[in-house]
Structures are given as C-alpha cells and as structure tokens.
Amino acid sequence: MSTVAVTPVDSGRSTSSHRFVGRAAQVAKLVRYVTDSDGKNRITCQVTGLGGTGKSALVRHVAECLARQGHFPGGVVLVDFRGCMGPASLDQVTNALVAALGGPESTGAPTVAYHRLLEEKAAASEPILIVMDGVPDADQIRGLLPEQHPHRVLVTARETLPLLSARELDLTVMTVPDALEFLAVVFGVLSPLDRRLRDAPSGALDLIQLCDRLPLALEIAAAILAAEPTLTVAALVVELINPSERVRSLRYGSQALEAVLSASWQRLATRDRQAAELLPLLTLAPGPDFSTATAAALAGEPETRVKAPLRALRQAKLLHLTPNGRWRMDPLVEVYASRLFDRLGQDAHTFVVRVLTYFAETAEMALKCLHNSADLGANAVFANHAEALTWFVNERYGIFVTIQETAPHHDLARRLAHHFSAYLQHTGEASTLVKIRAAVARSLQTTRCTPVELGTALSELSTALAAQGNLDAAMDNGEMAMTILRRAGDPVQEALGWSKFGEVLWRRGRLEGAVDAYQRGVRLLQDAADAHGEAAALNQLGDRQRELWGHDHRYLFLADASHRRAAELFEAGGDQCGWAVSQCYRAQILLSTDRVDEALRQFNHSAAILDMRGHEKEYAEVNQRFAADLVAHGRFTEAAERFRIAAGLFRQLGAFRSEVDALHRSQHLEYLSSDESQPQLAVAAQLFRAVRDFPRLADVLRRRSVQLSRVGKFSEARSSAKEAIGLYRGLGNHKGADAVSQRLGRWELGRANSPAGIQYPCAAPPTAQLRHGRQGRHRLT
C-alpha cells in the first residue's frame, strides 16, 4: 500500500513557487461550483485534463482563495495522490484526514471515525472542502466522499472518473495572453534580471505556440532558458520547430513532457488496448479534426466498432470532441502519437489508401445528392442537400491536404480531385479550384500518364484560371491542352477540350474564336456519335451565338437552330432535363425578339418540368438567366420573383456565391424599380452596373442609346453609346464596339445633314426602318 500525503490548506501561505497566472474563467466557474452559487447543490466536482495542463495549480489556488474567504469554516484539506505508486490505504488516508480536520484520535475503525466527524461538522454548520489531487482511480476515493451536503470535494484526474452526480471541468491549454504571462512569470522567478523574453516578444509568441500553450511545456521551456544564459529565444524556437523532436526536447531535470504523455497512454493501454492502438493511426487523419467515419476508415472497421475506442481516448484526455461532433488531437499529443506510429513499424501507405478510398467514394455520393437528390436510392449515405453540403464543409480541408500530398502517387487522389473540383465549381470557389487543378496537372506532368489525362487536366486548369480572372495563364494552359488533345486521337475528350477552350476564349474577348471552338467540339461529338455530348455542346454554342446577335443578326437564327437541335437530341435520348433546359434557352431567344408573352409561356412550361423532376440546380440556373433577360426588357416584377426563386434554390444547394448574386440582383431591382420616374432601361443599366454584370450592361446601354436617339435625346444617347463602346472594348468585344461606333457615326452624319429644324428621331432613315422592321428581322420558328 502507498502512503498519501494529507495536509491542511493554509489560507495565508501559497504552496506554489510563483503566483498563480490566468485561468480567470476556470477559477470563477470552479468557485461557483464549489460554493453552490448556481444552486445545483452537488458535493463532488472533478477537474480533468491531460497531464501538464495545470490541474493541481488550479484547484490549490481555488482552495486557498476559499479558505482565505472563510467559505469553509470546518477546514480545507489537501489529499495528494500524485506520489502514490499503488493502491492507497483507506485507513491511512481517513486517519490522516481526521487529524488534519482536528478530530479526536479513534481506537475503532478509522473510516467510521472519519464519517462521524463529517456528520458532526455538518450538524454544527461547519462545511469542509476536501481537495483530492491526482486521483488515479475512482475506487480509491469512493469511501472518502462525504454524503452530507454542506461538505464539498474537489478532485483532479487525468481522465474522467465515474463518480455519481459529479460535475466536471475539462481543463485544456491556456489562452495566448495567459500563456505569455505564465511564461514571463515562471522565467522571472528562475532568472529575475534576465530580459531575453521581454526583448523578443515575437520569439516568445512562437515559443508558446510550439509548446501548445501547455503549462508544463512552458515551465520546461522557461527552465531551459534560465539554465542557459547564452541561449536566445530564437535558438530555442529553432530547436523545437521540428515536430518529430519537440516532445523529446521538452525535458529538464525531473520534468519531461514525453514521460507525462507516455504515462497517460500506458495507463490507457492496460485498460483498453484497442483504443491505445487506434491513437497512432489517428495521426494519419488529414486536417485539424476528423470525423468518426474517417477514424473508421483508418482502422478498417465499421463506425460502430470505433465509437467505443474514440470515447475511451476522449475519457483519457488524449482526444477532444469538437462542438460539431468531430474529433481533435492536441498538437503535442499528435507529435507523441506520431512517434508511437513510427515505433510500431507499420506501412503508412495502407492507411492513406483507406482514407483516399473513403473520401473519393463519399465525395462521389455527396455530389450525386447535390446535383439531384430526387434520384437517390433508399440506401443513400446522404438524405438531402444539407447533409451532403455539411460533409463537404467539414471535410474540405482534409480533402484539400490529401489531394496536395498524394496526387503525384495515387490515381485515387486524382479521382478525389475530380469530385472535389465539381463541388468547388458548384460553390464558386475559384481560388481553391485553381490550386486543386494545378496540383493534379503537376502530378500528371511528373508521372506516367496518357496524353488524354494530361490534356484534360490542363484544359480544366485553364477554365479554372479563366474563372479566377488569370486570363493569360488560362490561354497558355488552354493552348497547351488543345495541342496535346488533338494529337491524342480521342475525339470525345478533344471535343470537351474545345468547349472548355471556347469558354476561355470568350472570357478573353475573342468572341468569334470562341464560337469557332464550340463548333469544332460539336462536329467532333457528331462524328463520334455521342448524341448526349453533342446536345450539351450545342446548348453551349447556342448560348454564345445568342449573346452575339446584337452585333450580327444572323447569330440569333443560328442560336435558335442550335438549341432546337439540342432539344431534339435530348428528347430522342429520353433526357427530359436536357430537353427542358434547351427549351428554356429557346425562350430566351424569343425574349430577345420582344415576344415576351410567348417567351414566358414557353419558359414556364419547360422550367416546371425541371422543378417537378427534382433538378434543382438546373431549375435555379435557368431562372437566374431568364430573370437577367427579363430585366433588360423592363419586366422587373417577373425578374425579381425569378431571382428570389433562384436565390432560395442556390441556398438549398449550397451554391453560396450564386445565391448572393441572385439575392443581390433581386433586392437591388426592387429598390430601383420603386422609382417610377426611372425609364426601364435606365433601371436595368443601374442594376447590371451595381452587380458588375458588364456584358449585359453594355447591351442595355447600346439599346438605351437607340431608344434615346428615337425621342431626340441625342446628348444622352451619345453618352450611353460611348459608355457601351468602352465596355465592349474592355471586354474584348471589338465587333460590338465597332457596331455601336458605326451607329454613333450615322447619328452624327444624319444630324449634320438634316434640314434646319428637322432631326431624324432614329438611327437610320425611315426607309431603312421599314425595310429592317423588328418583326420581319426576328421572326423565328
């Protein structure tokens, strides 16, 4: 049996070598628990935490404060189990407690005398506070716990003890300000005149972060500095910066961080071998935290089999449960556990593949849920969009790190990158998308891969760079991709490459080159008999042709033909979603010809099919596109409603940037349209200017300049035309700029040559209007 030290707490003398620092919130909470100021009336409170977090210092400080304030007139006693090497003698502890509390010596059973003394103190309204420090096991103290309510017990332990009705305060690392002050105070006691810490504030900050703000590690660091007067703070930081050596380096005299962590792990290993063996594997989990599913993947077990070991690790304070239900390891514990993994001699590759497989398969299922939750089966992992989005949000950092580290070595990592890129496109996160696609492209350039794989990766990187606004790099990668794909001999992948390169060319302002690239893709897919791919490419081509119709009216007929052919192909293939999207594009063409009511009827019919069949993403996108065109035609009420529909759907889908854009347009439109004195095209121009939709702004300004010229407001018409010309040139649309410039020149010529007092209220003579009337020019079938 081991001997336990029992001493009364002296209210006038501190047991610490330095003043207590920080932990104000924990001190206040502990005082509230012990003094029953919250009315819960519980006898026992346990303070738990990893070794070295300062549990003993905290409870002793609180005990001294309460003794000083007279909260426990019956006495405050400290029972120190920390030096106990084995089970303590209950009789020895109770005898010592009776003596420390001023009770009479007993000739009978010590336990009976101890509890009799507690009853007498309770009857005399003299409550007692017993501090039991470093309790190794709940069985050691159950016979010592008082049953009377006036008395209180404070327990410290490295793991949560199964004590009935006991409160628990989980003590973790210090805050940054507290850690800085603690380091300064300890170092000041050891080396009072030394200014090294005060002269190197940034070094001190680095030091506390490397010590993970753990009091024991900070004490050791302070002792090392004090013992070596020539050692600078920066030099100590460099010594500790290597994670693999940090835990081993933090030792001085009898204090050693590795010994403390090892004791916790060894204690766990004797009680739960499975939990102890799981701890080293968890260091391979990517990211700052991880889910139970990730832990199960690492262990190669079902989730139900790893929940108990994870709880055991948490009980041993080697793992923490975050508020969102994920697991987190303290940095120093992670360093120690990594060394355990190295000592076990296991192959990390096996476990990395397990995590990659889990991420890749789950990401694919999450994407399916995001794109169409209506088609999910009964055994789907995710029940709705929200669950799929939450998974991506929680795992995104871990997925990102995994792709960066493993893409050069694993095909699975590139498969995961493909799924993660689709999610990033969905949410509109351009910068992260560029990093992921660049990592994949680099990995393929350094490994043996097919030309199709490399060309496709470079093509995807070029579109991501273009979306980010880095057009020069996008063009370089796009041209390189097309050179590779043309030589690869895969017509389908080459066609997809042309579609992506067409998008880059369009953003670069090379509009006719972009249309030509889309047409090449369509022809290749047609030759390859890929009807579905051809239909999708035709819709992309038609959308770009429609945007060019203001500068060359032939494009409107070509756009309608492209969408009509796409609809036929989708219908033949039984793809109702593709057919409905194609018809929505055709409704936009009708809107461009001012056949607004007919366009609304066709759009409503087609969009309703998308809505009924659960294609939320496509339904949101067609609503947003159609709403923007409605704005340009002055149908503000219908446009605002469709923007709101799109915003709500984007919110459900997690496409946050698209949601913000749609919501911003809706709210801004409602504000602008409330001023009835504003002409419709002026309101549209203000909206597109506010949301920085410059292509549509240029088109509206072009139309507004024509409208103003017809009513004789030539000064305002000239101003709108010049702004449109500047925007077209800035967008690289030189054909559009030239068309508006020519129209502006005709106005000036017409005004100069008109008889005095007569001005043509239009851009062209009346005969030209009759010959090129809008109905005759735009009539479509």
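Modeller: Let me begin with contact, which means heavy atoms within 4.5 Å. By that rule Thr 294 is in contact with Ala 285, Tyr 358, Phe 359 and Glu 395, leaving aside its neighbours within four places in sequence. This is a predicted model, in which local features need pLDDT of at least 70 and side-chain atom pairs count only at pLDDT 80 or more, while totals for chains, interfaces and linings use all residues. Residues are numbered from 1 along each chain as its sequence is written, and side-chain values use heavy atoms, with hydrogens and water left out.

Colleague: What makes Thr 294 a buried residue?

Modeller: Buried means under 20% relative accessible area, exposed over 50%, and partly exposed in between, with a 1.4 Å probe and protein chains only. Thr 294 has 1% relative accessibility, so it counts as buried. Thr 294 is found in helix α13, residues 292-299, where helices are DSSP runs of H or I with at least four residues, strands are runs of E with at least two, and both are numbered from the N terminus. Although Thr 294 and Tyr 358 are 64 residues apart in sequence, their C-alpha atoms are 7.4 Å apart in space.

Colleague: Why is Arg 196 called buried?

Modeller: Its relative accessible area is 15%, and because buried means under 20%, Arg 196 qualifies. Arg 196 lies in helix α6, residues 196-199, and among the residues it touches beyond four places in sequence are Phe 187, Leu 225, Glu 228 and Val 233.

Colleague: What makes the approaches of backbone oxygens to the side chain of Arg 196 polar contacts?

Modeller: A polar contact is a pair of N or O atoms within 3.5 Å; within protein, one must be able to donate a hydrogen and the other to accept it, and residues adjacent in sequence count only if both atoms are side-chain atoms. The backbone oxygen of Leu 231 lies 2.5 Å from a polar atom of the Arg 196 side chain, and for the backbone oxygen of Pro 229 the distance is 3.4 Å, so both distances fall within the 3.5 Å limit.

Colleague: How do you know that the buried residues of α3 line one face of the helix?

Modeller: In helix α3, residues 90-100, the buried residues are Val 93, Thr 94, Leu 97 and Val 98. Seen down the axis they fall within an arc of 135°, taken from the directions from the helix axis to the C-beta atoms, so they line one face. In general, an α-helix has 3.6 residues a turn, so residues three or four places apart point the same way. The cover over the buried residues of α3 includes β1, β3, α4 and β4.

Colleague: What makes a group of residues a nonpolar core?

Modeller: A nonpolar core is a set of buried Ala, Val, Leu, Ile, Met, Phe, Trp, Tyr and Cys residues joined through side-chain atoms within 4.5 Å. The largest has 191 residues, and Leu 207, Leu 282, Leu 313, Trp 391, Phe 392 and Phe 420 have the most contacts inside it. Helix α16, residues 348-371, gives the most to this core, with 11 residues. Apart from it lies another core, of 28 residues, among them Tyr 114 and Val 153.

Colleague: And how much of the whole chain counts as buried?

Modeller: Of the 781 residues of the protein chain, 51% count as buried, and the chain contains 36 helices and 10 strands.
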